[in-house]
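Welcome, and please have a look at the model below before reading on.

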Amino acid sequence: MFILVNLKAYPCDPIEVATAARDVSEASGVQIAVSPQAADIARVADTGVETWAQHVDPNGYGSHTGSTLAESVADAGAVGTLINHSEKRLKLADIDAAVRAAERAGLETCVCANNPAQIGAAAALAPDSVAVEPPELIGGDVSVATADPEIVEDAVTAAGNVDEAVDVYCGAGISSGEDVATAGDLGASGILLASGVAKADDPRAALESLVEPL
């Protein structure tokens with residue numbers, strides 16, 4: 001299982017979380033990545049943890065003031081990026097362009113979507129992975145794997161029907177090792193989570209709990 005910790009814009013210490021993720025990953029053998037704000041990518045990458053951007057814009061170099069350039073986050077040390085998170089929605093054409101921009105910069109891509117139908121459409125754009133995240137469960141205490149396991153199973157099927165090479169991740173409400181194990185049992189090959197680690201009093205303990213059943 002791949003675990004991606006999205007720090008969003010939470011008031012956490014990105015270096016503390018990154019260091020904990022690096023150490024827990026090395027001790028457990030579980031692949032763990034951290035997705036900080038763009039301004040913190042270089043500092044987080046310097047810890048040695050696998051680092052992802054939270055977003056890249058669908059453009060290359062040029063007159064694009066305020067954009068997050070895929071090449072820039074790659075130069076800062078990111079190896080992957082989220083695209084179309086529910087808190088950073090894009091139009092379908094822009095999702096496609098953002099995936100292509102990330103590919104040009106050598107970044108792995110994970111396109112987020114609300115439901116299995118959208119997962120199928122996202123998989124057709126040939127990202128490396130897709131993540132199913134029902135918006136109503138994001139930031140909550142109940143994981144999608146527990147609240148509605150059929151969404152995860154149907155998302156895995158939808159992506160597989162389009163492109164079997166696209167991995168499917170499970171997001172929204174993931175906060176425990178049981179959630180991670182359940183997501184795996186439903187066919188997901190990774191999970192996205194945020195508050196369960198970023199808001200934890202002890203991020204290292206939270207990560208250790210996540211990987212314990214793996």
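Predicted model: local features only at pLDDT ≥ 70, side-chain atom pairs only at ≥ 80, totals over all residues.

Residues are numbered from 1 along each chain as its sequence is written, and side-chain values use heavy atoms, with hydrogens and water left out.

Let us start with the whole chain. The protein chain has 10 helices and eight strands, taken as DSSP runs numbered from the N terminus (helices: H or I, at least four residues; strands: E, at least two). Its C-alpha atoms fill a box of roughly 45 × 40 × 30 Å along the principal axes. Of the 214 residues, 50% count as buried, where buried means under 20% relative accessible area, exposed over 50%, and partly exposed in between (1.4 Å probe, protein chains only).

Now to the largest pocket, which has a volume of about 240 Å³. A pocket here is an open set of points on a 1 Å grid over the protein atoms alone where a 1.4 Å probe fits, with protein on both sides within 12 Å along at least five of seven lines; lining residues have an atom within 4 Å of a point. The volume is the space filled by probe spheres set on the points, which are joined across faces, edges and corners. Among the lining residues are Asn6, Lys8, Gln37, His55, His85 and Glu87.

| Residue | Relative accessibility | Class |
|---|---|---|
| Lys8 | 11% | buried |
| Asn59 | 14% | buried |
| Ala126 | 39% | partly exposed |
| Glu212 | 63% | exposed |

Lys8, from the pocket lining, sits in the loop between strand 1 (2-6) and helix 1 (14-28). Lys8 has a positive phi of about 45° although it is not a glycine. Ala126, in the loop between helix 5 (116-123) and strand 6 (129-132), also has a positive phi, about 60°, without being a glycine.

Asn59 belongs to the loop between strand 3 (50-53) and helix 3 (70-75). Glu212 follows helix 10 (203-211), and its C-alpha atom is 8.3 Å from that of Ser28, 184 residues away along the chain.
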